[in-house]
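Visitor: Could you walk me through some local details of this model? I'd like to start with the loops.

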Amino acid sequence: MKKQCTLFSPVFGQVIELKDTKDPVFSSGMMGKGLGVEPSEDNIYSPVNGTITMIAETKHAIGITTEEGIELLIHIGIDTVKLKGEGFNLSCQVGSEVKVGDLLGTVDFSFIKEKGYASTIMLILTNSIGKEMEVETFVGEKKAKEPIFVASWEEEANENGKAKPKKKDYQLLAQEIIASVGGKENINNVVHCFTRLRFYLKDESIAQTEKLQSMSGVIDVIQSGGQYQVVIGQEVDVVFDKIIQQLGTLNQEVVEEPKEKNPLKRGMNQLIGVITGSMSPVVGIIAASGIIKGILALLTLPQLGSIMSTNSEIYITISAMADAAFFFLPVLVGFSAAKRLGGDPIVTATIGAFLTYPQIVEWGMKGKEMFEIGGLSFNFINYTYSIFPMILAAWLVKVIGNKLKEWLPSYLKSILTPLLTLLLVCTITLVVTGPVIQGIANLIADGITWLVSASGWLGGLIIGGFYQLLVIFGLHWGVVPLIAQQIASTGETPLNAIISITMVAQGAAVLAVAMKSRKTEMKELGFAGAISAFCGITEPAIYGVNLRYKKVFISGLIGSACGGLITGLMHGTMYGFTGSLIGFSSFFNPQHPTDLHSFYAFLISSAVAIVVSFVITWVWGYSDDMTMGQKVEKKKRP
């Protein structure tokens, strides 16, 4: 389909062809198609309708994205960047909507010429490079707001005759997000999980939450656990990378937690933040490893003809790939936790490597005695799969390392700080904190396992019915270490089996919306959310559709409660992290491939969750006559 963009003169002046401008970078077309204007007045007006996306610190350049998707650069003068903003007085701001003829500011062109710089204004379509585009320039003397340039191009249309959606500009999105959270100076740190940017802000009150919530590419904003969370969806890692590029020298390791008067709330905020920051970078590889282990178990099933032997070299090799992340989990968690807390990540990772050293692991599996004092024996324990001891070890590395740097003379710091920190933290973890924390963690994990197993349907019903409420506040990451601890102590996790069903149910609810709605936008949101939920990520479904039609979310909760009930009744369990439909392989027992009980529980409970959620949503939860609610306001710190 044919598309067109018209540029209007930003000033009174003489319009010239781009090739006639005196800047070789622009005149060669290297930056894109466009034209030049020799100004005869100081007022600068917007040449297009669009959104201001960039203003140079030196004020000599303005970026505008037009309604047609054109990215326009207004470059004022040649080499005027050297003036460092002197002579420029812009009244526009990044994020502002502008119309043709809106005043962008004033420029003292006489001053520019006095300083020896050319005053030519270049209007460049920066995303026209490589695009087949017909252009027409109306050269000569022109008044401000007169048409001076027309660009036409063909854009591939979809099956409905509409132009295919423009590829997202992640650089622009990252820039707008940074500006909306209060700028770089308001950001202490930023991390990300599967779907969210998690900002630690100096002052959350100056962040423009409503603007962020209405921003294309942002699903929702949540303030919880001392974090300012911007929900992006599956593309969060791309946006995160662009944000880090723009933040540049931001200290991403040392984090100041928001001040909280209530010590209990402050402690909980800090604990949630540390667990989130430590676990979210690690969960992806753990999930992938779990899928590999499940598929290997599937390939060894006698019912499928034992496609692969557990004694074959290829099985052992691939199994080692999958087991590595679990076996060396203390190394991964230690490194991640140290970066989150501001300690030395290399020293902390080395401590994790010590805990998983083959001889230490062997002694731990045998319960070998380290020493005995006053009739009290201290034994080695196995730290593979462990999480909590390493988080505390990372904190000790930071505290002890900082103290040593204060006490030691400068010429000894580089050698003695890592040496003493390693010796002290390894000893403390091995003898004191490790056994205590691991013992408590094992008790909690065993208690949850017992509760779910003993209560059967009741535990499944309650956990299934309410788990996704944790997701709303981003608190579900606190459950991940408990799941890891269950797998470490028993090799399985009935808790995760129930959680898996809640993802399926929310996906089925949003799928019903997508299939029932006749609105194109709603179908796109619904199908995208359903696919994401069936792949184990429910945020796009929840924030994009389900919560904004509260009955849809409730329908999903009812379905997940029913699915959890079935899982509890059948005492279903999982042997890995990855849930929802994509995690089917995690329900195969790798130790007993012929045991399909949990897999059958998964199939039945998933079917129940899908049918119940889908039917209730279709009949009661959604219709096109309903008005989509505003994005849900949530408690700042639940």
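Guide: Lys59 lies in the loop between β5 (50-55) and β6 (61-66), where strands (E, at least two residues) and helices (H or I, at least four) are DSSP runs numbered from the N terminus. This is a predicted model, in which local features need pLDDT of at least 70, side-chain atom pairs count only at pLDDT 80 or more, and totals for chains, interfaces and linings use all residues. Residues are numbered from 1 along each chain as its sequence is written, and side-chain values use heavy atoms, with hydrogens and water left out.

Visitor: What is the phi of Lys59 near?

Guide: The phi of Lys59 is near 70 degrees, a positive value in a residue other than glycine. Most residues other than glycine have a negative phi.

Visitor: And why does Lys59 count as partly exposed?

Guide: Lys59 counts as partly exposed because its relative accessibility is 34%; buried means under 20% relative accessible area, exposed over 50%, and partly exposed in between, with a 1.4 Å probe and protein chains only.

Visitor: Where is Lys84 placed, and is Lys84 buried or exposed?

Guide: Lys84 sits in the loop between β7 (71-76) and β8, and with a relative accessible area of 72% this lysine is exposed. Lys84 also has a positive phi, of about 55 degrees, although it is not a glycine.

Visitor: OK, sheets now. In what order do the 3 strands of the open sheet come?

Guide: The order is β4-β10-β8, with antiparallel pairing; two strands pair if DSSP finds at least two bridges between them. The edge strands, each pairing on one side only, are β4 (43-45) and β8 (88-90).

Visitor: How many bridges join β8 to β10?

Guide: There are 3 bridges between β8 and strand β10 (residues 103-107), which run antiparallel, and Leu90 stands opposite Gly105 in β10.

Visitor: What about the hairpin of β19 and β20?

Guide: Strand β19 (residues 369-373) and strand β20 (residues 376-379) run antiparallel and are joined by 4 bridges; Glu372 has Ser377 in β20 as its bridge partner. The hairpin has 2 residues between its strands, and Gly374 in the turn has a positive phi of about 55 degrees.

Visitor: Last one: what span should the 20 residues of helix α11 have?

Guide: Helix α11 (residues 388-407) should span 28 Å at 1.5 Å a residue, and its end C-alpha atoms are 29 Å apart, which agrees; the expected span is 1.5 Å times one less than the number of residues. Among the buried residues of α11 are Pro389, Met390, Leu396, Ile400 and Leu404.
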